[in-house]
Amino acid sequence: MWDALPDAARSIVKELIIHGPQSRTALAKTLHLSTGSLTRLTKPMVDAGLLVEGEVVHDPVNGRPTRPLDVAAAEHRFLGVKLTADRVHAVVTDLRAEVVAARDEPIADHDPEAVCRQAKRLLDDLSDGLPQGRPHGKRGGQPDERLGGQPDGQASGRRVGATVGAGVTVGGNARASAQVGGEPLVDAPYLGWSQVELAPLMERALGVPCVVKNDVAALAHQHHWFGPGRGLRDFALITIGAGIGYALIVHDHLVAATEADLGMFGHLVLDASGPMCPEGHRGCAAAYLSSWSVEATAGQGLRRAVTYEEVLRLAAAGDRVCLSVVREAAAALGRLIAHVATISMVKTVVLAGEGVELARLAAADLDRSLTADRRGVPGSVDVVIEADDFREWARGGAVVAIQSFVTGSD
């Protein structure tokens, strides 16, 4: 039935997915529909089991008894996959992107078809322990052992339906001119891939429609529908790790960009007299914030090789060298946030990635630098620091699959 849904009906489903159960009166008001039109659109979906009615409550708008509508979230499953240079991270979610099972493992063979087969095996393994059937009416729920609960392969007791879509996220080629998410061929240098037709390969392996997206773009979509960006029409996402990522949501839409555009963002110069970048210039965002830069700067001071995680651990323990490196990086991040907020005019900036801990360790330095570059006005930008968890990147893959399933387009 999903394929036959008109756009107005899809808008109802989208609203319920993002914002949860609502009365028909509230839905009609939000979507600017008459109550008659809303009833006409929702009745077939209720009859088909796409939507469910909750227990009788009093409508907050008119006080009348009503049964709120909600999506049958557990009736549909989605696979989300995040590919790094050496690991595949996979999650299975419901229609509301609640993770019900997750696992990550080393990439056994970097050949594209082999990676697709590995994704299929992961989907099968994750699905085997999930109980089948209709939802029991409760929202939320905890995923299995792979998120800290039941033994591997055992689900939390939530009933979920068939897998109907998949989303795979990869980091792109920072020098490519193709629009992010708009190219049928994938370049992923860290995987040794060039011009790979990944979407059809995945679809053949998985047996379900598959969307392939840039990883930062997918993470932005996830935050927009289900994270700190939910309910916001405009916000920016900055990711910190081996590279510096950027995505911008304006008027509820992701701003289209090329991989080359995003690659330039990491080399935005914050201080022309700053540390040297491997590309020959000084003081860019990557030279301050990337994990390799932090490791190199701290290693020089410590006079030994050091990992990024060790730098953060030593900084938290008060090591003078590592704390100085982290504070300098956080101050640079504050300047970067100020540039983004001033140019894009967003009021919320979300930080994510494996490097976000430095923003917590040196929050005062970040805030001081951000305020200084915003004409001394404190609190002009709401900075949200997300958890460092690769499952969230994989969940971004599931979210773009959900969006494609619900809206009928990529």
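Strand β15, which spans residues 348-352, contains T348, strands here being DSSP runs (E) of at least two residues and helices DSSP runs (H or I) of at least four, both numbered from the N terminus. The structure is a predicted model, in which local features need pLDDT of at least 70 and side-chain atom pairs count only at pLDDT 80 or more, whereas totals for chains, interfaces and linings use all residues. Residues are numbered from 1 along each chain as its sequence is written, and side-chain values use heavy atoms, with hydrogens and water left out.

With a relative accessible area of 9%, T348 is buried, a term that means under 20% relative accessible area, as against over 50% for exposed and in between for partly exposed (1.4 Å probe, protein chains only). When neighbours within four places in sequence are left aside, T348 is in contact with L232, F235, A236, D382 and V384, contact meaning heavy atoms within 4.5 Å. R335, in helix α11 (residues 320-344), likewise counts as buried because its relative accessibility is 18%. Apart from neighbours within four places in sequence, the residues in contact with R335 are L270, D271, Y288, S369 and D373. The C-alpha atom of R335 is separated by 9.4 Å from that of R368, which is 33 residues away along the chain.

For the protein chain as a whole, 14 helices and 16 strands are found, and 51% of the 410 residues count as buried. Of the contacts between residues at least 6 apart in sequence, 62% join residues at least 24 apart. The accessible surface amounts to about 18300 Å², of which carbon and sulfur atoms hold 51%, as given by the Shrake-Rupley method with a 1.4 Å probe.

Helix α5 (residues 198-206) has L198, L201, M202 and L206 as its buried residues. These residues lie on the same side of α5, because they cover an arc of only 115° around the axis, the arc being that of the directions from the helix axis to the C-beta atoms. Among the elements that cover the buried residues of α5 are α4 (112-128), β5 (76-83) and β8 (162-170). Just after α5, G207 takes a positive phi of about 80°.

Grid points are joined across faces, edges and corners, and a volume is the space filled by probe spheres set on the points. A search of the whole structure finds one cavity of 30 Å³ or more, and the largest cavity holds about 50 Å³ of space. Its lining consists of P275, A287, Y288, S293, V294, T297, V325, E328 and A329, to which α8 (285-289), α9 (291-302) and α11 each supply at least two residues.

The second largest pocket holds about 740 Å³ of space; of the 27 residues that line this pocket, K14, W225, D252, H253 and Q403 are the closest to its centre. The largest contribution to the lining of this pocket, seven residues, comes from α1.

Conventions. 1 Å grid on protein atoms, 1.4 Å probe; cavity = no way out; pocket = protein on both sides within 12 Å on 5 of 7 lines; lining within 4 Å.
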